[in-house]
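Thank you for making time this morning. I would like to walk you through the side-chain contacts in this model, beginning with the charged residues and then turning to the aromatic rings.

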Amino acid sequence: MMPQRVRLQLEAAARHPTSIIGCQVRREPPDSTERYTRWINQLASDQLLTQVFTSNGPTVIMPTWFCSRAWFSHVGPFDEGGQGVPEDLLFFYNHLRKGGGVVRVDQSLLLYRYHPNAATHSVLETTIWTHRVRFLEERVLPHWAAFTIWNAGRQGRRLYRSLTAGTRRKVVAFCDVDENKIRKGFYCHEDSQERPKPRVPILHFRAAQPPFVICVKLDLTGGAFEDNLRSLHLQEGRDFLHFS
């Protein structure tokens, strides 16, 4: 921890008494989890709230958290269910449910060491997935009359199948850039008990209508996906949300 961390985060907490205050980090070893570290350090201030649904978890990481004792008590204690419980994610979600904000001090104030045996690796991806889907359905999807899932591949189809039946009916299309998927024309939900089984159109992303739930990982395509998204001139949080 850098010596100025407490002072700087205390000052931020005084200005934002109902927020979790984080900071930028320096990773050790420097080349560990490079994409994740870029995400931690480079999110814009508004993205600290719009990108809370991704697989990266809290938009400011728990080792950097700073908040008042009063706010911590208001949100409630950590879930002490033991190994396999994503206690930071659950606390973060409860914090947001109670109207809490997220602020980052834009200085590198913490040396964040990577440990291959860290407790975070004991949390099953399926457990985190379930919490993320339920939070998305709770916080966003009730306010959208219809939406498109961006990614007709494995992750997009998995999200579709994980939604409740009522929310699945709001999915008007998948969209993609893969010509093979687009040429197929639709995704059939074979596990559905409905008759006929639901068929969801697969469109080119330029032919699809927002809002989008995006199931494409960021920072993996050499900027191609990000360029496609920017070309649509959409507003994050209103017209699309990242879920991967």
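R38 has a relative accessible area of 34%, and therefore counts as partly exposed, a class that lies between buried (under 20% relative accessible area) and exposed (over 50%), with a 1.4 Å probe and protein chains only. Please keep in mind that this is a predicted model, in which local features need pLDDT of at least 70 and side-chain atom pairs count only at pLDDT 80 or more, while totals for chains, interfaces and linings use all residues. Residues are numbered from 1 along each chain as its sequence is written, and side-chain values use heavy atoms, with hydrogens and water left out.

What does the side chain of R38 meet in a salt bridge? The partner is D219, at 2.7 Å from N to O, where a salt bridge is a side-chain nitrogen of Lys or Arg within 4 Å of a carboxyl oxygen of Asp or Glu. This pair links distant parts of the chain, since R38 belongs to helix α2 (residues 34–42) and D219 to the loop between β7 and α10 (224–230), 181 residues apart; helices (H or I, at least four residues) and strands (E, at least two) are DSSP runs, numbered from the N terminus. D219 is likewise partly exposed, at 36%. By this rule the count of salt bridges comes to nine.

Another of these joins E138 and R97, at 2.8 Å from N to O. Because E138 lies in helix α6 (residues 125–139) and R97 in helix α5 (residues 87–97), the pair ties together parts that are 41 residues apart in sequence. Within helix α6 itself, R134 and E137 are three residues apart, about one turn of the helix, and their closest N and O atoms are 2.6 Å apart in a salt bridge. R134 is partly exposed at 37%, whereas E137, at 11%, counts as buried.

Let me turn to the rings. The whole structure holds 17 aromatic pairs, meaning rings of Phe, Tyr and Trp (its six-membered ring) with centres within 6.5 Å, called stacked under 30 degrees between planes, edge-to-face over 60 and tilted for the rest. W144 and F147 have centres 6.2 Å apart and planes at 50 degrees, so the pair is tilted. W150 and F212 are edge-to-face, at 5.2 Å and 65 degrees, and they connect strand β3 (residues 147–150) with strand β7 (residues 212–214). W150 is buried at 3%, and F212 is buried at 1%.
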